[in-house]
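Subject: Structure for your review

Dear colleague,

Please find below the structure that I am handing over to you.

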Amino acid sequence: MTRLPDFIIGGAPKCGTTSLHFILGQSPQIGLPDAEIHYFDADDPIAHPDFLNARGPDLKWFDTRLTHKPNLDWYASRFSDFQDKLLIGEDSTTYLFSPVAARRIKELLPDVRLVFLLRNPVKRAYSQYWHLICSARLSCSFEQALSLHSSIILGSTYAPHIAQYFDVFGRDNVHIAVFEDFLADKQAFLDGVTAHIGAPRMDVETLQTWFNRTYYPTWPKGQQWLNRIGGRIVAGRYRNHMGQETGLAEKIRNKLHYHWFRRINPILLKAEKPPAMRSETAAYLTHHLSDRNAGLSDLLGRDLSAVWPGFRG
C-alpha cells in the first residue's frame, strides 16, 4: 500500500509555508510533492471556489469522502515517488481555516504531525490580497476585497481553528510556528519544525532559505483591469486542479493559461514592494482581527502583542 503523509504543513497562507516547503525539500530524507494538494478541503466553496464547476443544473465537485476510492487513490498517488524517504509530507495552506479538514485528516491520518505557520494577521491579509492580484485572481481594491473575498479575513482568523486542531489531534501533535521568528532566527525556527516532525536536524547555513522574489504591479489599477481577463483564464486552470479533465478543450485552456501568465500577466509586475496599506484600513483590521483572534496568546502561551504591534489577542 502507498505510504501517506507523516506530516502536513497546513497553513496559514502567506506565512512562509512555501519557503518552509522549499527548505525541507532540500533534505534527501524528506519527500514533498511540488504543488499544494488541497485534498481535505477540495469541496470548500470559500477556500476553493474554482474547484467547483456548475454545468447547467449540475454541480461538479471533488468528493473527499474516504469511501470514494478513485479520489483517495488520486491523493495517494501524489506520494508514490517518495516511498523510500524517511518522511513524507504535504503542504496545503487552507487546511488551518477549513471547518472540515481537521476531522477528515484525523480520520485518514490519525498519527500525522501538523505544522501551522502564523504571521501578523494584518500583514498576512494584505500579503494575500497582493498574491491574488499578482496571480490574476482579483480585480478590485484591497478595501473592496475585504468584503468580496472572504478567505482574506478567514485566513487571518487563527484562534478558533487552532483550538479545533488542538481538540482533534491533541497539542503534542500540532506545532505552531510564527513567521516573524523565522525572520529573526532561521535556525531556531527550523529546529522547532524538524524536531516536531521527527526529521534530522538541518543546518540552515548549508541551505537556501528563500524560495522566490515577489514582484508587484507598477500600476495597480492597470493590473486590476488585466485581471478581468486573466481571472477567467486562471479559474479554468484551477478548476482542473485534480486533473479530472482531459481532451482538446483542456489542452487549449492549458496553452492559453501558459501564454497569458508568461507573456501578458507579468508586463506590469516590476515593483519590488506593494503600495502601503491605507492607515484607516490598517486600523480597522488591527481592531477586527484582534477580536477575531481573542484568546490566541493564552492558547499558545505567548504574548503575541510583543511580536505583532497593535495586536490584542
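C134 is buried in this predicted model, with a relative accessible area of 13%. C140 also counts as buried, at a relative accessibility of 8%.

How many disulfides does a search of the whole structure find? The search returns 0. For C134, the closest cysteine sulfur is that of C140, and the separation of 13 Å is too far for a bond. Seen from C140, the closest cysteine sulfur lies in C134, again at 13 Å and too far for a bond.

I turn next to the cavities. The structure holds 2 cavities of 30 Å³ or more. The second largest cavity has a volume of about 60 Å³. Its lining consists of C15, G16, S19, L20, I23, L117, F179, F182, F189 and L190. The largest share, 3 residues, comes from α1.

Which classes of residue make up the lining of the second largest cavity? There are 8 nonpolar and 2 polar residues, and no charged residues.

Yours sincerely

Note on methods:
Residues are numbered from 1 along each chain as its sequence is written. This is a predicted model: local features need pLDDT of at least 70, side-chain atom pairs count only at pLDDT 80 or more; totals for chains, interfaces and linings use all residues. Side-chain values use heavy atoms; hydrogens and water are left out. On a 1 Å grid over the protein atoms alone, a cavity is a set of points where a 1.4 Å probe fits but cannot get out, and a pocket is an open set with protein on both sides within 12 Å along at least five of seven lines; lining residues have an atom within 4 Å of a point. Grid points are joined across faces, edges and corners, and a volume is the space filled by probe spheres set on the points. Helices (H or I, at least four residues) and strands (E, at least two) are DSSP runs, numbered from the N terminus. Ala, Val, Leu, Ile, Met, Phe, Trp, Tyr, Cys and Pro count as nonpolar, Asp, Glu, Lys and Arg as charged, and the others, Gly among them, as polar. A disulfide is a pair of cysteine sulfur atoms within 2.5 Å. Buried means under 20% relative accessible area, exposed over 50%, partly exposed in between (1.4 Å probe, protein chains only).
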